[in-house]
Amino acid sequence: MKKKALMGIVLLLAVFVVLSGCSKKSDDATMSAKPEASVAPAAGIKAPRVAFVYIGPPGDGGWTFQHDEGRKFMEKETGIKADTVENVPESADAERIITELAQNHDLIFTTSFGYMDPTLNVAKNFPKVIFMHTAGYKTAPNMGTYFGRNYQGSYLAGMVAGKMTKNNSLGYVGAFPIPEVIYNINAYTLGAQSVNPAIKVNVVWSNTWFDPTTEKQAAISLLDKGADVLMAYQDSPATLQAAAERKAFAGGNDSDMTRYAPDAYLTNPTWNWGPYYTKVVKDLIAGTWTNEQFMGDMKEGMVGIAPLGKSVPDDVKKLVEDAQAKIISGDLNVFKGPITDAAGAVKVADGQVLSDADILSTNWFVKGVEGTIPK
């Protein structure tokens, strides 16, 4: 999910307010809240004209790449050919481009958080067009939202890192200090500590989503501090490539990045948007679309973990497979207490589970994370 850094914390404090009644559910339970759900304006559209708005290029190898793979899956399953517009900034240009698309499309997916208000504004002006926005919290009669619990994959990736490090020092390149990135860092750390309690995770911020040069420099700074396994919440493979040059291990983000550095690659959380995009298009064709706020998880396959790299031993692979099965069954909850923050304060009591609302407003690091969260 891409977000403007200055808006990120505010957004996720608000997201899922309507889902507060679900906050005590296990984090592996699929959640689809439908506050005042509205059906599509049309009774059904036989061959809807579909468009996608991308924050970056599909060639980024990460976030946009996975959305574009989802588009391709949808096209294959439905026979509907979609249009795409890439490299759309989260600015007034977004509203202009979405407006242009709304004039000759029936369904528009806007795939970055910063498109939320522009999408809402255009939705109000085009009530017969359906809009679906990634990761947002605002809806309209013709606008829904969707996202997933990718922190489940981060936890598993952390387990791999905890087993592969030789000096118990991990590094993490964070994009922006917003809840989505923070809770994924926490999940990664908790996963690593579950197999290696001595783990420390050093965090640096790049303040970018896709800037390979800046991201690589941030990764190098962590390697210089002694980290021998890296992870990044970015759209590029720059952190993985930096690790490979130093003969260290690393993971990427959003998609399987093995091809960029097969010897150094471990794994990372992934997205699988295709089945959901297919469902939305088919619902629109059937006239059953609603403006739901959808949250997918590992159980249904919206989020996952990339195949483990060739350097990962079989016993570690088995450990991760078992943990993944427990997440899917509900026996393992990533944010189940006891959990303390970096200052030693108890944030989740023993036996308690962090609610979705609390996860999505996270502004603290778990114990073992070294770094600051800029305000």
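**Close-up views of a predicted model**

**View 1. Lining of the largest pocket.** The lining of the largest pocket comprises seven nonpolar, four polar and three charged residues. The model shown here and in the other views is predicted. The volume of this pocket is about 250 Å³. Of the 14 lining residues, L190, K336, G337, P338 and I339 lie nearest the pocket centre. Helix α6 (179-195) and strand β14 (339-340) each contribute at least two residues to the lining.

**View 2. Helix α8 and its surroundings.** Helix α8 spans residues 238-245, and its buried residues are A238, T239, L240, A242 and A243. These buried residues pack against β7 (169-174), α7 (212-224), β9 (229-232) and β10 (249-250). Just after α8, K247 has a positive phi of about 60°.

**View 3. An aromatic pair between F52 and Y277.** The structure contains 21 aromatic pairs. One of them joins F52 and Y277 edge-to-face, with 5.0 Å from centre to centre and 80° between the planes. This pair links distant parts of the chain, 225 residues apart: F52 belongs to strand β2 (residues 50-53) and Y277 to helix α9 (residues 274-286). F52 counts as buried because its relative accessibility is 0%. Y277 also counts as buried, because its relative accessibility is 0%.

**View 4. The aromatic cluster containing F52 and Y277.** Ring pairs connect F52 and Y277 with Y54, W63, F109, Y146, F147, W271, W273, Y276 and F294 in a cluster.

**View 5. A charge over a ring.** R259 sits over the face of F65. The distance from R259 to the ring centre is 5.2 Å.

Key
Residues are numbered from 1 along each chain as its sequence is written. This is a predicted model: local features need pLDDT of at least 70, side-chain atom pairs count only at pLDDT 80 or more; totals for chains, interfaces and linings use all residues. Side-chain values use heavy atoms; hydrogens and water are left out. Buried means under 20% relative accessible area, exposed over 50%, partly exposed in between (1.4 Å probe, protein chains only). Helices (H or I, at least four residues) and strands (E, at least two) are DSSP runs, numbered from the N terminus. Contact means heavy atoms within 4.5 Å. On a 1 Å grid over the protein atoms alone, a cavity is a set of points where a 1.4 Å probe fits but cannot get out, and a pocket is an open set with protein on both sides within 12 Å along at least five of seven lines; lining residues have an atom within 4 Å of a point. Grid points are joined across faces, edges and corners, and a volume is the space filled by probe spheres set on the points. Ala, Val, Leu, Ile, Met, Phe, Trp, Tyr, Cys and Pro count as nonpolar, Asp, Glu, Lys and Arg as charged, and the others, Gly among them, as polar. Rings of Phe, Tyr and Trp (its six-membered ring) pair if their centres lie within 6.5 Å; planes under 30 degrees apart count as stacked, over 60 as edge-to-face and the rest as tilted. A charge sits over a ring if NZ of Lys or CZ of Arg is within 6 Å of the ring centre and within 35 degrees of the ring normal.
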